[in-house]
Amino acid sequence: MPGITREEVAHLARLARLELKPEELDHFAGQLDDIIGAVARVSEVADQDVPPTSHPLPLTNVMRADEVRPSLTPEQALSGAPAQEQQRFKVPQILGEE
Amino acid sequence: MSDQIIKLTAAETAAKIASGELTAVEVTEAHLARIEAVDEKVHAFLHVDREGALAQARAVDAKRERGEKLGPLAGVPLALKDIFTTEGIPTTVGSKILEGWIPPYDATLTKRLKAADVVILGKTNMDEFAMGSSTENSAYGPTGNPWDLTRIPGGSGGGSSAALAAHMAPLAIGTDTGGSIRQPAAVTGTVGVKPTYGAVSRYGMVAFSSSLDQGGPCARTVLDAALLHEVIAGHDPMDSTSVDEPVPPVVEAARNGSVQGMRVGVVKQFRGEGYQAGVVQRFDESVELLRELGAEIVELDCPSFDLALSAYYLIAPSECSSNLARFDGLRYGARVGDDGTHSAEEVTSLTREAGFGDEVKRRIMLGTYALSSGYYDAYYGSAQKVRTLIKRDFDRAFEQVDVIVSPTTPTTAFPIGERADDPMAMYLADLCTIPTNLAGNAAMSLPCGLAPEDNLPVGLQIIAPVMKDDRLYTVGAAVEAAFVEKWGHPLLEEAPSL
Amino acid sequence: MTTTTDLVSYEDALASYDPVMGLEVHVELGTKTKMFCGCSTALGQDANTQTCPVCLGLPGALPVVNATGVESAVKIGLALNCEIAEWCRFARKNYFYPDMPKNFQTSQYDEPIAFDGYLDVQLEDGEVFRVEIERAHMEEDTGKSTHVGGATGRIHGASHSLLDYNRAGIPLIEIVTKPIVGAGERAPEVARAYVRELRELIRALGVSEARMEMGQMRCDVNLSLMPKGAEKFGTRSETKNVNSLRSVERAARFEIQRHAAVLSSGGTIVQETRHFHEDTGSTTSGRVKEEAEDYRYFPEPDLVPVAPAREWVEELRAGLPELPLVRRNRLREEWGISATDMQAILNAGALDLIVATIDAGADAASARKWWMGELARAANESQKALDELAITPAQVARVTELVAKGDLNDKLARQVIEGVLAGEGTPDEVVEKRGLKVVSDEGALTAAVDEAIAGNPAVADKIRGGKVAAAGALVGAVMKATRGQADAARVKELILQKLGVEG
Ligand SMILES: [Mg+2]
Ligand SMILES: [Zn+2]
């Protein structure tokens, strides 16, 4: 497995929306490299024909009936909002598109 | 009087309240006084809800006066890990990013406690987002181990274990993703149970790693843990991963402890390098005790357990990187950088940078890495395969034995600060507890003595198959009784007074 | 924002290139509650009144799957001739966006509930084109942001945004086609016909109203060109959220012309998202991201797998309604109309209304005539959809009944309909209030006829001379005199009789 570089940490931080400081990049690069190096052992089983387990218990088809339940009041919904306006969550300018 | 009240077990307390010998208010006041007296030193609580607790206690007393039937834990105080939402009461998960957040809803577990008339004293300290084994990762400062305040009380649920060990509450709630109930129990000389995954609702429990997280009971005795287990367990339609089966008869099991004729497994992978001599010694004595009590000891080989820690440190961070994405400073919690010059994206990045501690950031990035394209198969995918292998090892093991025992943790409580900047060393604390989280089965830690070299508590872990949680209590109660008889008193009586 | 785009003519583009399309359609299901929580999906409510810990992504909240959402997905899959997964999981699609409360979308990734199907679509001239379906999967909608402070309510130039999460978590089915090749110059038409057919199918299944203008159905048009004869697909552009049938066609057409211009001048197409503009019929580039999106999909650990039992799937299959294309062909035959006529009916959104009118007692020809004639005009004038007009199929049927009985003639019937549309009441009430009865009193009619003959001696002479066709002018005069309330056929009879001519 390749080691993890400062640039990779910066990329991960961008993906994860963490505005890391320059000194943190170095710090985390070293630590993440150590951790990845240690846990990379799992790939020993990568080629084995073993099904992956995503859920600890083999439950299936857990569903609810399509019945309306009470919602929060808008006051409750917005109670934790750092900023609000017109009964909506107020957020800074959005740059993206989607 | 107050001193005697706080030493009572939950079962005794409930009986005295039911008979009128004590009122719930007296009991609550005694514990609030104890918190007042010692928590400045211990720092087990992040928030004490004095008024709420007393109001709940008064309601219990009123109920009794009206002649209404009380539940088995009515009026008994409890310390709730600050990871469960509590309507109207701050919930921080030990993180700055949720500082001041007051949830508009109760977790299912919170509701169940209230419905059972358990008195919630307040919210306990924890490693931020339950990531850690020492409670040093709390954004609000570490918790001290009542056995030695310079040492860690375990983690992530160190506040809960310390509250029990310091007699600030007879009952507590923890959550266990990789050992966060059992390891704190082990290092504080208390009892902690990770029920079968899905046995206790996760609704309203702030997620760290969804497929591993499990809430469970913490107490000073096996019976108390069982009584609490019965209150909090059971199917919840709000949690899709909740098991829709009857709760195993845990209280009955705790009242009828026995290991006579039981097959008890000892896994060869749970010893060796990194295990403290005194821990191994107490563990070996426990196995001997089990044999004396009539159990048949079976040696087991579970080769995949060697990969458990690695799989865990891929799966848990992966899930956490996604679970914690919602903390973006836009809808609740802290917001940093909203000064008119930053976009929403920038505010999110600034908020997360300022709001999360190092361990949380480390795991988020680790998980982001493990899930990213090009690495998924090697890391996350392989980890999920390891998970299958671990389940198979357990399945094979439980064909041969009824329960498995091991040390709960390789060492006793280490000094605060010792492993703070060495994540890998910290992760080793969960070496023995992690396989059950990956496989989903049940496990308990209970005290098995003090390590001779440091006079600190050692935990014995008992592991049972999925939905056979009652076996933990059958074995745990027998072992507990034998030890108490051998020591002449519960282990906690040897703890220094605060 | 005024960037001009080089285009080549559509014909030239098609002369050199073959278009390849991929269509991704998102349909909001008409369930009562959201996909993973019990909040209502009712439209038009006050902001943030339909949210709960789950759809707000509050810490600790957990999703539970809406059973009707899954059932709808399976129905759609079956109607699209798909295979239904025996076992599949939800997956998290991780990316940050303020309108997405959890900063991941609960969706499906490599295990969709339905896959490998097809939908036959009929083009204007009746030709049937088979569109292969890659997959249909379940996911959830996002909240809605309003951008404040900018000139046009758009993101650009806004000072801040306001978020309403009522829509967050509404069930979506995303239906993805396989690459559509071989449509050639008809590609834009195929795109439009496909989306229309899909809409009809969704409505027929009763799983959504699929109103594009309300965002209940949205289409992403992926398009690439390859030089004629080539087999390797070119780089595609993804035009997002195209919200009408017409726009789907126009977007495809525009992109064909744009791609061709870029490629012909030796340029390369950038893989990017693009926005379609209704006003100009053009697309513009979306924000170019510095780094490729990496959604880090993984199985949703908070939900358990969905394993639709085979018996249940077969039950749903057996209960599927007659599918739109089959139904249309049947009706076309029953009514004896051409494919083009049927297409016009479909385009007008009149099919169900006509069928309902027939079911209420009208004959097919009359029902068609009123909905496609008078009512289509009225809808057009008032800028409404046909089914938004203030008249019911039963009322239209009643009008046709009155005409058949001879109580109304066409002209009067039009007035009755006008009255109903104006809110004056039922057809019978309008007839009553406006006094719109055909004059069948022979005495009054005879007098009017006499008057008309007397007033137009020249015309009368022509008729006497055998020019029966000229009678029309006299009929007109009588109708005018009776303010249209006469039975024109009877009037003509009387005129010919009076003038001694055999009709
Ligand atoms: Mg989608
Ligand atoms: Zn909701």
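C:Q395 touches C:A390, C:V420, C:T426 and C:P427, leaving aside residues up to four places away in sequence; contact means heavy atoms within 4.5 Å. This is a predicted model, in which local features need pLDDT of at least 70, side-chain atom pairs count only at pLDDT 80 or more, and totals for chains, interfaces and linings use all residues. Residues are numbered from 1 along each chain as its sequence is written, chains are lettered from A and ligands numbered from 1 in the order in which they are written, and side-chain values use heavy atoms, with hydrogens and water left out.

C:Q395 is found in helix α10 (residues 393-404) of chain C. Helices (H or I, at least four residues) and strands (E, at least two) are DSSP runs, numbered from the N terminus. The relative accessible area of C:Q395 is 18%, and the residue is buried. Buried means under 20% relative accessible area, exposed over 50%, and partly exposed in between (1.4 Å probe, protein chains only). The C-alpha atoms of C:Q395 and C:E374 are separated by 14 Å, the two residues being 21 apart along the chain.

C:E374 also belongs to a helix contact: C:K369, C:W370, C:E374, C:L375 and C:A378 in α9(C) meet C:D410, C:A413, C:R414, C:I417 and C:L421 in α11(C). The residues of this contact divide into six nonpolar, no polar and four charged. Ala, Val, Leu, Ile, Met, Phe, Trp, Tyr, Cys and Pro count as nonpolar, Asp, Glu, Lys and Arg as charged, and the others, Gly among them, as polar.

On its other contact, α9(C) presents C:A364, C:A367, C:R368, C:W371 and C:M372 to C:L353, C:I354, C:T357 and C:I358 of α8(C). By class, that contact has seven nonpolar, one polar and one charged residues. The geometry of both pairs is tabulated below.

| Helix pair | Crossing angle | Axis separation |
|---|---|---|
| α9 (residues 364-381) and α11 (residues 410-421), chain C | about 55° | 11 Å |
| α8 (residues 351-359) and α9, chain C | roughly 140° | within 9 Å |

Axes are lines fitted to C-alpha atoms, for helices over the stretch in contact, and angles run from 0 to 180 degrees between N-to-C directions. α9(C) and α11(C) are oblique to each other, and so are α8(C) and α9(C). Angles under 35 degrees count as roughly parallel, over 145 as roughly antiparallel, 65 to 115 as roughly perpendicular and the rest as oblique. The crossing of α9(C) and α11(C) is right-handed, as is that of α8(C) and α9(C); right-handed means that the near helix is turned clockwise from the far one by less than a right angle, and left-handed anticlockwise.

Chain C also holds a metal site. The magnesium ion (ligand 1) is coordinated at 1.9 to 2.8 Å by C:H26 (NE2), C:E139 (OE), C:E139 (OE) and C:E174 (OE). C:H26 lies in strand β1 (residues 17-28) and C:E174 in strand β10 (residues 171-177) of chain C, so the pair ties together parts that are 148 residues apart in sequence. Donors are N, O and S atoms within 2.8 Å of the metal (3.2 Å for Na, K and Ca); water is not among the atoms, so sites may look incomplete. C:H26 is buried at 12% relative accessible area, and C:E174 is buried at 9%.

Two backbone features remain. C:N81 has a positive phi of about 60° although it is not a glycine. The peptide bond from B:G155 to B:S156 is cis, with omega near 5°.
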